[in-house]
Amino acid sequence: MDKVLIVTSTQKSRAFFAELKRTPAFQNALIVESGAQARRILIEADYDIVVVNAPLSDETGIELALDLTRMTRAGIILMIKAEHAEAVAAKAEDYGVFVVEKPVNRQLFSQSLRIVSASRKRMLNLQNENVRLQQKIQEIRMVDRAKCALIQYLHMSEPDAHRYIEKQAMDLRITRREVAEEILKTYES
């Protein structure tokens, strides 16, 4: 289950969240009382979801939610009074903060957690795919530079340089990138 950090200042909301903590789905939840306390904890540990029940004792909670989008990869839920929710949502949702109107019941809160958790997992998958594609692009660029070096210094044709790199990778049982790195060390140093 996701690790959840809940930031709330009121006694009533702490009781609501403490009751939820007794359920198996929320056993990994930690409840703190201020934005400063939440920031300190998030420096030391990673959480999958952070719930901010605005306002907090030391700040409005909106700043905390927006700051967390920059300092963590956690899904952020901002709980705010219904009369302010529309205005806050217009700004906060651009940052990826999920805004929930208060008062909230247990079922709506659980559903919000599941939605944010699913969205976060999808975002992390996309980020991982992006990293993988960036690495692939770097490999292609390096191999192309190595081919250019073979063309320039050994007067190979482009297909011959390509075949040479492929054959070296297969024969030596290393990646094309490693072959390209060796070629570049030889001809570009």
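**Helix packing and the sheet**

Helix α5 (residues 106-154) packs against helix α7 (residues 176-188) with about 45 degrees between them and 8 Å between their axes. Axes here are lines fitted to C-alpha atoms, for helices over the stretch in contact, and angles run from 0 to 180 degrees between N-to-C directions. Helices (H or I, at least four residues) and strands (E, at least two) are DSSP runs, numbered from the N terminus. The angle makes α5 oblique to α7, since angles under 35 degrees count as roughly parallel, over 145 as roughly antiparallel, 65 to 115 as roughly perpendicular and the rest as oblique. Contact, meaning heavy atoms within 4.5 Å, involves residues including M142, A146 and L150 of α5 and A180, I183 and L184 of α7.

This is a predicted model, in which local features need pLDDT of at least 70, side-chain atom pairs count only at pLDDT 80 or more, and totals for chains, interfaces and linings use all residues. Residues are numbered from 1 along each chain as its sequence is written, and side-chain values use heavy atoms, leaving out hydrogens and water.

T175 sits in the loop between α6 (158-172) and α7. Its C-alpha atom is 9.6 Å from that of E139, 36 residues away along the chain.

Let us turn to the sheet. Five strands form an open sheet in the order β2-β1-β3-β4-β5, with parallel pairing; two strands pair if DSSP finds at least two bridges between them. The edge strands are β2 (29-32) and β5 (97-102). Strands β3 (residues 49-53) and β4 (residues 75-81) are joined by five bridges, and V52 has L78 as its bridge partner in β4.
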